[in-house]
Amino acid sequence: MVATSQTPAQIYQNGQPVTKGGVREWMSEVVTQVNATSNRGDTLVVVSVPGGLAQASSFTIDPTQAHMTLSPGTLVQLTWPATNTAADPVATIGTEAFTIKGRTGNALAPGDVVGGNRYLTFIVNTVPRSLRILGAVGIADINGLPAKLTALEGLLPVGGRIGALELYSAVLSGISAITNVVRGQTADLASLTATGSAGTPTMIIQGSLLPSGGRAWRVRFWSPSGGRVTATSWRENSDGTLTRVGFQELTAVAGYNAIPISLGVPVGGFLGFGGAVGTIASVGFLPVWSNTAELSSMDKSNSVTSLRLMLSFDVEIAALDVPDNGALLVAEAAKQQIGARAPDLDYMTGEMVLHGTRIEGQTSDFSGMVHTSASGTASMVFRNASLNPYPRGGVADGFKIYVTAPGRVSISSWSQDTAQNVFTPFDIEYFDAVTGWNEFFPSVQVPKDGVVGWGVPSGTCGVNSSLPIVAVRSATTDFVEFEDTSTGSFRFMVAIHVKEPVALRATSAAGRLMRGTVWDGQSNMVGTTSVVVASPSYGNKQFIGGLLTEGKTINRRAMEPIAEAGTTTGAAIGLAYAVELEMAAKGLSDFEEASLWFATSPAVSGQNINHLLGDYGNFWPECEKSIRAMGDAIRSGGHEPLFSAFIWVQGYANRGASRASYASDLRAGFNKVISRAGGNAGGRPILIIGQMCQSGTDGTRFPEIPMAQRDIAREFYGHVFSIYPCEWNDAGVHLSTKGHVHKGLIAGKILYDVMLGDGYMETHWTVSSWGGSTLTLTMRGGNGSYVFDTTRIPAVANMGFDIWSSVGVLQDIITGVSLAGSTVTLTLSRAVASGEVLTYGKGRTGVTPMPSNEAPGPYQIGNVRDTDSRSRVVDGVTYPLFNWCSIMDAARP
């Protein structure tokens with residue numbers, strides 16, 4: 001029955017005749033209402049009126065769909081004409097205005113609605129009326145992801161968000177819609193002639209803002225003289241300053257250059273370029289922020305408004321044209337891989353995901369049952385004992401229902417607000433049901449922490465008194481947001497089959513990816529004593545983690561157990577521990593179902609970084625040979641190599657080097673690891689550095705090396721871990737045997753966390769307030785819980801914190817140190833002056849950082865760590881695997 005403005009009794013009053021026009025009007029009204037009802041759930045495709053703007057655009061309804069009404073729940077498809085520049089763009093359909101909102105009713109950020117993109121929306125009648133984006137999404141449309149990534153900025157290694165964006169591009173190459181944009185000059189520079197020259201070591205293009213981030217894949221410019229130039233990416237901080245997050249060193253030739261790069265740009269980031277005066281030509285007006293020094297941070301007030309640079313960047317902006325569940329899957333993977341240089345591609349492979357199945361509603365076979373009553377409304381949501389029954393999301397792929405009258409039924413999925421009392425529609429499919437039992441096979445995407453539901457014409461869902469009660473929440477309107485207010489419990493004859501991801505499963509051994517790792521450095525990597533670290537066994541089988549490694553020699557017999565005869569690199573026990581963590585997380589009982597690992601250690605004792613990674617001498621060729629041999633050996637066993645990590649422990653041989661020079665050498669060396677050897681092994685390795693403590697036997701400190709190591713790890717989106725809590729020998733020059741085992745276990749934990757777990761971030765601090773008589777720091781990283789540990793490491797002055805002048809003179813002004821939660825408060829005798837530097841773990845020359853009797857023990861660097869509860873017993877010794885605070889510094893602006 002449909003509602004009309006007049007009933008038949010009103011038209012035919014007292015049996016008196018009426019005009020034919022009156023009858024036609026009434027019949028036309030009936031047809032309109034019938035059409036509107038029968039088209040419920042159909043999509044209304046509206047047509048853009050020319051001249052639409054970024055914040056306001058008009059649309060018309062095609063005459064073939066004129067019968068459809070703009071009522072709550074109506075699906076509307078539209079193409080937005082220009083990228084929005086502010087919140088709440090307005091779409092006017094005919095004469096009715098709708099504010100465009102996110103899926104949950106959230107306000108859109110600038111750039112969220114991309115010009116030229118097609119969006120599927122649904123109408124919500126709350127004031128003001130809105131169109132909420134429902135269907136295909138771009139990166140910025142993934143519910144809450146940009147905001148969450150922004151919130152994580154302070155908790156991630158610099159460039160962490162770039163790792164997530166690279167994952168979108170690398171993993172979803174087949175289903176991602178990549179848009180190319182140009183930042184800088186848009187003219188064809190190859191056909192131009194230089195009219196002058198310009199350039200400074202730091203230049204940031206003011207007009208290069210990328211609201212959703214991206215990846216710069218080529219830089220084009222004209223150089224009169226050639227030489228060294230740099231391509232950089234930058235993020236803007238809350239105080240308006242800019243911090244460098246990406247860096248690539250390039251060699252320009254004289255004339256036109258078009259150089260391929262791979263430079264991640266963070267959300268809301270900028271692109272930059274650098275070179276000495278004369279290395280870049282000028283052609284057209286291009287406002288930049290500029291500075292004469294090669295800086296890693298800069299104030300935007302350093303602007304140059306008349307530079308005419310012959311420069312442009314080609315940038316990929318990834319937009320995912322996939323259903324919402326695909327976007328959520330990628331967002332979840334991005335969380336796991338954040339900060340990683342090489343995403344673990346096998347995780348994203350469909351056959352690697354182990355699914356569980358659940359039934360919502362009735363589990364019995366009611367295909368032969370007869371209903372004893374009927375009930376139900378247009379929207380109903382299951383509510384069982386768990387408030388969020390699908391923590392990882394899923395797919396509803398089965399739908400059984402008994403109805404007492406034919407009609408259109410729906411199966412739907414819903415998200416909830418943070419208070420868990422408001423349901424918001426996420427996905428829906430409609431089916432035409434016949435009277436009695438029905439079975440359908442939908443593909444409804446269930447969001448993370450979401451619920452499922454269904455709907456019927458009012459009162460037509462079968463109820464059978466012999467079935468168990470199922471609790472529901474309901475609304476009388478079809479597919480609209482509603483609150484968790486109803487407490488109805490019924491014995492509905494309905495069942496929804498949901499497939500949800502629960503774990504990862506390993507494929508057969510043949511053809512599996514094998515994760516290769518290189519453990520390189522000097523004596524504290526290759527090992528200082530000739531002992532055997534026994535590979536662990538599970539049941540009656542020895543741990544099979546890769547290939548035999550002995551210095552620079554690789555045994556090519558695939559699937560040999562890792563055994564470390566003659567070396568104590570810690571690789572065997574570290575990789576075994578990574579597998580144990582994976583087994584525990586996935587519920588595996590046999591290690592052969594877990595990931596395969598490979599290790600090679602081309603480290604050489606006593607050598608400086610240029611001998612190990614430089615182009616001269618015998619050591620870099622051996623390193624390169626080892627990496628290539630690793631790829632060959634893995635393939636010889638029928639596996640595919642994934643070069644997962646380059647683990648570096650070195651520095652004592654360079655103890656006199658400056659921070660900048662060591663960083664430059666490590667940067668160049670790691671770039672060669674990537675470019676020369678990475679292709680043969682496959683993948684792009686994550687740089688992981690065991691941060692050296694560096695002290696001479698007389699107490700002389702060399703803090704430049706650990707600072708430089710952290711600089712490079714952050715530049716390459718890699719990681720550092722502190723090894724000063726490990727056991728050291730001979731006044732801290734070499735790790736002891738136990739120290740090597742401890743170091744390997746920490747590295748294995750990080751490998752698991754980064755490649756397969758929930759990610760890793762070093763324990764570190766940021767300055768919250770320089771203050772006056774107090775200085776406030778916020779601890780970040782690790783497991784989020786922190787302590788001062790004076791048991792494992794005797795109390796160090798100020799728990800390891802010190803303040804120095806800009807030229808390195810100790811300013812002994814810290815009078816107290818306290819820790820409350822994640823807040824460290826330093827009490828000061830005076831305020832820290834501009835240019836002075838706060839350090840942790842730098843140490844003081846003349847203060848022996850090891851036990852005075854030089855017995856094996858940890859470096860007495862600092863006392864700050866997290867409370868990570870993981871530990872591992874090796875040969876009867878328990879090694880706690882806390883994340884100790886990194887050696888680091890920060891200068892007061």
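Visitor: Which residues line the second largest cavity?

Guide: Rolling a probe the size of a water molecule over the atoms shows where empty space is left. Here the lining consists of Val720, Phe721, Ser722, Ile746, Tyr760, Glu762, Thr763, Phe882, Asn883, Trp884 and Ser886. A cavity is a set of points, on a 1 Å grid over the protein atoms alone, where a 1.4 Å probe fits but cannot get out, and lining residues have an atom within 4 Å of a point. This is a predicted model, where local features need pLDDT of at least 70 and side-chain atom pairs pLDDT 80 or more, while totals for chains, interfaces and linings use all residues. Residues are numbered from 1 along each chain as its sequence is written, and side-chain values use heavy atoms, without hydrogens and water.

Visitor: Which strand gives the largest share of that lining?

Guide: Strand β43 (residues 719–722) does, with three residues; strands are DSSP runs of E, at least two residues long, numbered from the N terminus.

Visitor: How much space lies in this cavity?

Guide: About 50 Å³, where a volume is the space filled by probe spheres set on the points, joined across faces, edges and corners. The model has three cavities of 30 Å³ or more.

Visitor: What about backbone angles, say the phi of Asn798?

Guide: Most residues other than glycine have a negative phi. Asn798, not a glycine, has a positive phi of about 60°, and Met799 likewise has a positive phi, near 60°.

Visitor: Is Asn798 buried or exposed?

Guide: Asn798 counts as buried because its relative accessibility is 17%; buried means under 20% relative accessible area, exposed over 50%, partly exposed in between, with a 1.4 Å probe and protein chains only. Met799, at 14%, is buried too.

Terms used: On a 1 Å grid over the protein atoms alone, a cavity is a set of points where a 1.4 Å probe fits but cannot get out, and a pocket is an open set with protein on both sides within 12 Å along at least five of seven lines; lining residues have an atom within 4 Å of a point. Helices (H or I, at least four residues) and strands (E, at least two) are DSSP runs, numbered from the N terminus.
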